[in-house]
Amino acid sequence: MNIRSRGDKWFDTMNVFIMLVVMVLTIAPFWFALVGSFNQGLDYTRGGVYFWPRTFTLSNYVTVFADSTIYHAYFITIMRTLAGTVLHVAFTALVAYGMSRKALAGRNAYMIAMLFTMFFYGGLIPNYLLYKELGLLNHFLVLIIPTMFSVWDMIIMMSFFRSIPEQIIESAKIDGAGEYRIFLQLILPLTKPVLAAIALFTGVYHWNAYTDALMFTTKDALEPVQLFLMRIVTDSGAASKFGAQAASVMPEEAKQISPETLKLAMMLATTAPILVIYPFLQKYFVKGVLIGSVKG
């Protein structure tokens, strides 16, 4: 019979209390933004809207989705997230598998070169000049190619690949399988949790990224939804202009909004998709991180 001491009970109580405080501090900003986005604009400026909309309205969201610009921004973000995540996981896994093979010639030199890039960074200007010479400026690929490989993710995958018994790979080679077939049909199915965890990290990064689009693109056609949100939130003039454009189409809805409630609705509209998807991928994320940490 396991008898818990008074110290153990106090420890569990404090843990629960601290986690509740952290949970409240984490959820509170999202809740206040959600409440404000469903409140009438002019009424919201009076203050005191914290726990529930005082004057409920859907006009803020109707206004946000009335402009076709946001749909194109969503399209760019979705395409970037899908292409960037798939290419990152595929390319990083290929490099990690090669680096995990003891027979790879010059493996130590490759590892030193890759580790060097983790500690020393050329900077923004050399990157800009490099992308310019490669013809990537104002091109969709500038959002994809620079993020195709991560040394840190490669090390995680490589450690997991090394934990796979060598006898499995040798038996596949005896049966006539080549390196690519072994990688695709044997290694990848055994590493799904780690691949899913890295894919989740990469997908969230691409969904939230906007600085590269801000620095390396000037075309509105390449503007992701987060950059669109950043312009609306940080520039009051942009928010007013956005609301005025919607008002010209829907004058009745414009009476229910304000720049502040419009910003809150934009914030929720851009973050909601990733918040909805995350719980369905969380089990792969937890399992992948756990396996990677134990086997690494």
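**Tyrosine 74 and its surroundings**

Reader: Which residues does tyrosine 74 touch, not counting residues up to four places away in sequence?

Author: Tyrosine 74 touches Phe65, Trp207, Val225, Ala269, Thr270 and Pro273, with residues up to four places away in sequence not counted. Contact means heavy atoms within 4.5 Å.

Reader: Before I go on, what kind of model is this?

Author: This is a predicted model, in which local features need pLDDT of at least 70 and side-chain atom pairs count only at pLDDT 80 or more, while totals for chains, interfaces and linings use all residues. Residues are numbered from 1 along each chain as its sequence is written, and side-chain values use heavy atoms, leaving out hydrogens and water.

Reader: Back to tyrosine 74. Where does it lie?

Author: Tyrosine 74 lies in helix H4, residues 69-100. Helices (H or I, at least four residues) and strands (E, at least two) are DSSP runs, numbered from the N terminus.

Reader: Is tyrosine 74 buried or exposed?

Author: Tyrosine 74 is buried, because its relative accessible area is 12%. Buried means under 20% and exposed over 50%, with partly exposed in between (1.4 Å probe, protein chains only).

Reader: How many residues along the chain separate tyrosine 74 and proline 224?

Author: They are 150 residues apart along the chain, yet the C-alpha atoms of tyrosine 74 and proline 224 are separated by 6.5 Å.

Reader: You listed Thr270. Where is the place of threonine 270, and why does it count as buried?

Author: Threonine 270 is in helix H15, residues 259-295. Its relative accessibility is 0%, so threonine 270 counts as buried. Not counting residues up to four places away in sequence, threonine 270 touches Tyr74, Trp207, Val225, Gln226 and Leu229.

Reader: At what angle do the axes of H4 and H10 cross?

Author: The axes cross at roughly 145 degrees and come within 9 Å. Axes are lines fitted to C-alpha atoms, for helices over the stretch in contact, with angles from 0 to 180 degrees between N-to-C directions.

Reader: Next topic. Which residues in the largest nonpolar core touch the most other members?

Author: Met154, Met157, Phe161, Ile182 and Ile187 do, in a core of 23 residues. The elements giving two or more residues to this core are H4, helix H5 (107-119), helix H7 (151-163), helix H8 (166-174), helix H9 (179-190) and helix H10 (192-208). H7 gives the most, with six residues. A second, separate core of 18 residues includes Val64, Trp207, Leu264 and Ala265. A nonpolar core is a set of buried Ala, Val, Leu, Ile, Met, Phe, Trp, Tyr and Cys residues joined through side-chain atoms within 4.5 Å.

Reader: What is methionine 154 in contact with, leaving aside its neighbours within four places in sequence?

Author: Leaving aside those neighbours, methionine 154 is in contact with Thr92, Val95, Ala96, Met99, Met111, Met114 and Phe149.

Reader: And valine 95, leaving aside its neighbours within four places in sequence: what is that in contact with?

Author: Apart from those neighbours, valine 95 is in contact with Met114, Phe149 and Met154. Valine 95 is in helix H4 and counts as partly exposed, because its relative accessibility is 23%. From valine 95 to methionine 158, 63 residues apart in sequence, the C-alpha to C-alpha distance is 8.5 Å.

Reader: What about the loops? Where does asparagine 138 lie?

Author: Asparagine 138 lies in the loop between helix H6 (124-134) and H7. Its phi is near 55 degrees, a positive value in a residue other than glycine. Asparagine 138 counts as partly exposed, because its relative accessibility is 26%.

Reader: And proline 53, what is its place?

Author: Proline 53 is in the loop between helix H2 (41-44) and helix H3 (59-64). Proline 53 is buried, because its relative accessible area is 14%. Leaving aside its neighbours within four places in sequence, proline 53 is in contact with Val35, Phe38 and Asn39.

Reader: Last one. How many helices and strands has the protein chain?

Author: The chain has 15 helices and zero strands. Of its 296 residues, 36% are buried. Among contacts between residues at least 6 apart in sequence, 71% join residues at least 24 apart.
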